[in-house]
Amino acid sequence: MLPLVFGTEYTASAEILRFFAPLFLLYAYNHAMIIYRLLPARRERHVGAIMIVCALVCVAAMVVAAPAFGGNGVAAARVAAELLAAVALSAAVSKLRRES
């Protein structure tokens with residue numbers, strides 16, 4: 001589809017976009033955990049701390065992966081950081097359930 005719309009010089013970006021495919025599901029899951037579970041329970045600081053740590057992990061992973069793997073490494077680092085956020089948010093929701 002990309003070569004058809006943008007031309008053959010963008011063919012290589014299709015592989016990078018495949019790495020980004022799981023992000024939509026991860027974003028939806030993380031958004032639901034934050035908006036519907038953690039913020040109503042007044043866990044703003046937990047959410048903020050999780051997001052800051054995940055952002056720092058993402059940047060560090062990108063710095064390491066970019067020179068070695070290029071755009072694919074950057075995309076994989078972004079997905080890995082979002083997956084880390086999903087795990088951390090799930091743990092926070094699980095802890096919230098135990099406290100209730």
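Student: In this predicted model, about how many helical turns separate Arg78 and Glu82 in helix α4?

Tutor: The model is a predicted one. Arg78 and Glu82 both lie in helix α4, 4 residues apart. Because of that spacing, the separation between Arg78 and Glu82 is about one helical turn.

Student: How far apart are the closest N and O atoms of Arg78 and Glu82?

Tutor: A salt bridge needs a side-chain nitrogen of Lys or Arg within 4 Å of a carboxyl oxygen of Asp or Glu. Arg78 and Glu82 form such a bridge, and their closest N and O atoms are apart by 2.8 Å.

Student: Is Glu82 buried or exposed?

Tutor: Buried means under 20% relative accessible area. The relative accessible area of Glu82 is 9%.

Student: Which residue forms a salt bridge with Arg43?

Tutor: Arg43 sits in the loop between α3 (23–38) and α4 (44–99), and its partner is in helix α4, 56 residues apart from Arg43. The pair therefore links distant parts of the chain. The closest N and O atoms are 2.4 Å apart, and the partner is Glu99.

Student: How far apart are the end C-alpha atoms of α4?

Tutor: α4 has 56 residues, and a straight helix would reach 82 Å at 1.5 Å a residue. The end C-alpha atoms of α4 fall short of that, being apart by only 16 Å.

Key. Residues are numbered from 1 along each chain as its sequence is written. This is a predicted model: local features need pLDDT of at least 70, side-chain atom pairs count only at pLDDT 80 or more; totals for chains, interfaces and linings use all residues. Side-chain values use heavy atoms; hydrogens and water are left out. Helices (H or I, at least four residues) and strands (E, at least two) are DSSP runs, numbered from the N terminus. Buried means under 20% relative accessible area, exposed over 50%, partly exposed in between (1.4 Å probe, protein chains only). The expected span of a helix is 1.5 Å times one less than its number of residues.
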